[in-house]
Amino acid sequence: MLDRKEVESKAKSLIKDSYSQKEKMKIPAQEMMTQDPEQRILNMDEVALGYTESQAILEANRCLQCKTKPCIEGCPVRIDIPGFIKKIAEKDIEGAYDVISESSLLPSICGRVCPQESQCQKFCTVGKMFKDVDKSVGIGRLERYVADVMREQGNENLPKIENSTGKKVAVVGSGPASISAAADLRKAGHEVFMFEALHKGGGVLVYGIPEFRLPKEIVAKELNKLEKMGVHIETNFLVGRTRKLQDLLDKDGFSAIFIGTGAGLPKFLNIPGENNIGVFSANEYLTRSNLMYSYDKKLSKTPQFISKKVAVFGGGNVAMDSARTALRLGAESVTIVYRRSKEELPARREEVHHAIEEGVKFLFLHSPLEVCADEKQKVTGVKLITCELGEPDASGRRRPVQIEGTEAVFECDTVIVAIGNNSNPLIKLTTPEIETNRRGNFVVNDETMETSITGVYAGGDIVLGAATVIKAMGQGRKAAKSMNEFLKK
Amino acid sequence: MHKILKKEKWSKEVFWMELEAEKIAKERKAGQFIILQLGGKYNERIPLTIADADSEKGTIQIVFQTVGETTHLLAKKEVGDSIANVLGPLGNPTKIEKVGTVVCVGGGIGVAPLFPIAQAMKAAGNKVKIILGARNKELVIMEDKMREVDPDLIITTDDGSYGRKALVTVPLKELCENEKIDEVVAIGPPIMMKFCAKTTEEFKVKTIVSLNTIMIDGTGMCGGCRVNIGGETKFVCVDGPEFDGHLVDWDNVLNRLGTYKSQEGEAHHKCHLDLKLAEGEA
């Protein structure tokens, strides 16, 4: 395998001063270097190492700068993608950063965790011409490159803050929706208080997404930036319990509130034995490792269950994160059990690829019926049933149909349930008048993101159900925009 | 930061502290709890019940027994020191209603969270009878305060060093046999609550217990605190901490508490070595 210097010099040798459209198509798609799979499962460090300078320039030159710009349509926050890529090709990284910043606040995060292959890169003309989405321009990788260069250079241009409006605004939660809402509200000159229940800010970016996919230092920098902009971040403050939502409005002088509390109530399998010893929600399993550092067995005071054979249920990014975390924590064998087939896996393609490289096994077309346990209720296995794919369901994916008589026990000592989250119930529980749908998601006005309570807005997973960082960010910004209008009145 | 204003050592392993926690003191009601983390990257989050609070002074009181690493470290803190992270009040408050005669059973440090409940039950017009249980005389706590609520309170110890030599279930059964009891509130070690619920079941007396399970965030996010209640999965942090004792799947509660037993045992031992403490001494 080439080292970073070799990759850089190889890429550098391919750079030309100018390219015809035909020549652009001949530039090889640039792969990010990654930590060696055998090495990386022994540490928690980031797996993908990012482009070198010349790789980024080469990759940027693969963009045809086509007139139709279909990639922008695929971006939930409509970043001027060809615009920032052009700047990279011109070696103007600061310029590229400015273009991204017009639409996105968290490029170093989104560049890492966005499912680009089903968003911008899905529509890329280059990918279309090759009839292969993997040959699309590496938009996410370029976005990450720009953000990383700017961060490493210590460039911390704070946005301009308007003169004080004298109005106080609360932002509930500190995940991606809340971070973006807080930034835009602060920029408009309001005094912003961000309330986080945990002892550390960042929400799902900190407790959910592992270090090997999103280094916590990057999230800490984003929060630090907010604080430098003048946003007050109050940790250990659970709105609904520490203070009721209505009291913030009526008694504490807040003129408006944004709620971005996320999808924080794990779903379980709803099968017998789900509370046996060794069954964890992915949230618990990951929080112990990510937020509480249980992977550092010497220093962390939070214990992590010792596993030999792990079964992870689900097929999304959280399932991949759980499986890969279990490997890093020392499990001998980790299997992802998914009721559909490989094609339907909702996880980012790169995460599936990385999981396979690391030795995570997959058992497709199987559904759990019961968690088996010994007389002390310790997990000994899961009774599974084989499925086949039937007609498409409401989500458009083919529905798994159980095949009778195919029950068999899959032996394991640990079960991690990563089948999604329902909305966090606490605000609804303590603010009954706020309107929610049957899933517990807040009902909002599509245009303004306002909830059924005047002056209270919401965005992110509490509205969408479990979705993505970029969609949450987009909603946070959308809500902030209408809150800024509302606060002018 | 939450400054420790007062600290008392009630026994070798039991401590009482009064902390600054203005917001929690203002909102807190009987039956609720906090989660505390001693700062830094590596400290764990532990749930502790709120024994009492003073909303005017802006303080809360906690009572804890040194059972794990964090409680040992907490016991080492002195007046003037601060606790970095305190989240609360968590969980649903106790439902306080006038029902008639209420028996409050407290075991070990469970007496601490029981006190505000007993007080509120009395204030609501109930006749309150109290049973306090402990392993030995040294571990009987808050006797005087509890006696203010029920001058005839019954004390039991496992070794007979104080009060009756019996488990709390013995006087509880006698009370149920001798008069009409409308409700029982039992707070203590899970095994005690399990047997209190078993005792009252045959008399069909509603029995409320307060569960203290494994928990990380306390907001519904991790699900580590889940329990089977009447065949349904509930979260102690958002649905509890109080449940109908007759519906709790006690074996599961007890087994789940042992999830990390091997690691915790090791950590506890290491902690005694690091802090140079003898076992049984905090």
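Which residue of chain A forms a salt bridge with B:Glu27? I looked this up and found A:Arg243, with the closest N and O atoms 2.7 Å apart. I counted a salt bridge where a side-chain nitrogen of Lys or Arg is within 4 Å of a carboxyl oxygen of Asp or Glu.

**Ground rules.** I am working on a predicted model, where local features need pLDDT of at least 70, side-chain atom pairs count only at pLDDT 80 or more, and totals for chains, interfaces and linings use all residues. Residues are numbered from 1 along each chain as its sequence is written, chains are lettered from A and ligands numbered from 1 in the order in which they are written, and side-chain values use heavy atoms, with hydrogens and water left out.

**The pair, continued.** B:Glu27 sits in helix 1 of chain B and A:Arg243 in the loop between strand 5 (232-234) and helix 15 (245-250) of chain A, so the pair joins two chains. I took helices (H or I, at least four residues) and strands (E, at least two) as DSSP runs, numbered from the N terminus. Both B:Glu27 and A:Arg243 are buried; buried means under 20% relative accessible area, exposed over 50%, partly exposed in between (1.4 Å probe, protein chains only). A:Arg243 also meets A:Asp247 in a salt bridge (3.7 Å, N to O). I noted a relative accessible area of 14% for A:Asp247, which is buried.

**The interface.** I found 4 salt bridges across the interface of chain B and chain A. One of them links the side chains of B:Glu69 and A:Lys301 (3.7 Å, N to O). The contact (heavy atoms within 4.5 Å) takes 43 residues from chain B and 44 residues from chain A. The area buried between the chains is about 3,900 Å², and carbon and sulfur atoms give 54% of this. Buried area is the accessible area (1.4 Å probe) that two parts lose on being put together, summed over both. B:Tyr42, B:Met221 and B:Arg226 supply 19% of the area that chain B buries against chain A, more than any other three residues.

**A pair within one helix.** I then looked at A:Lys488 and A:Glu485, whose side chains meet in a salt bridge (3.1 Å, N to O). Both lie in helix 21 of chain A, 3 residues apart, about one turn of the helix. Buried or exposed? A:Lys488 is exposed, with a relative accessible area of 64%, and A:Glu485 is partly exposed at 45%.
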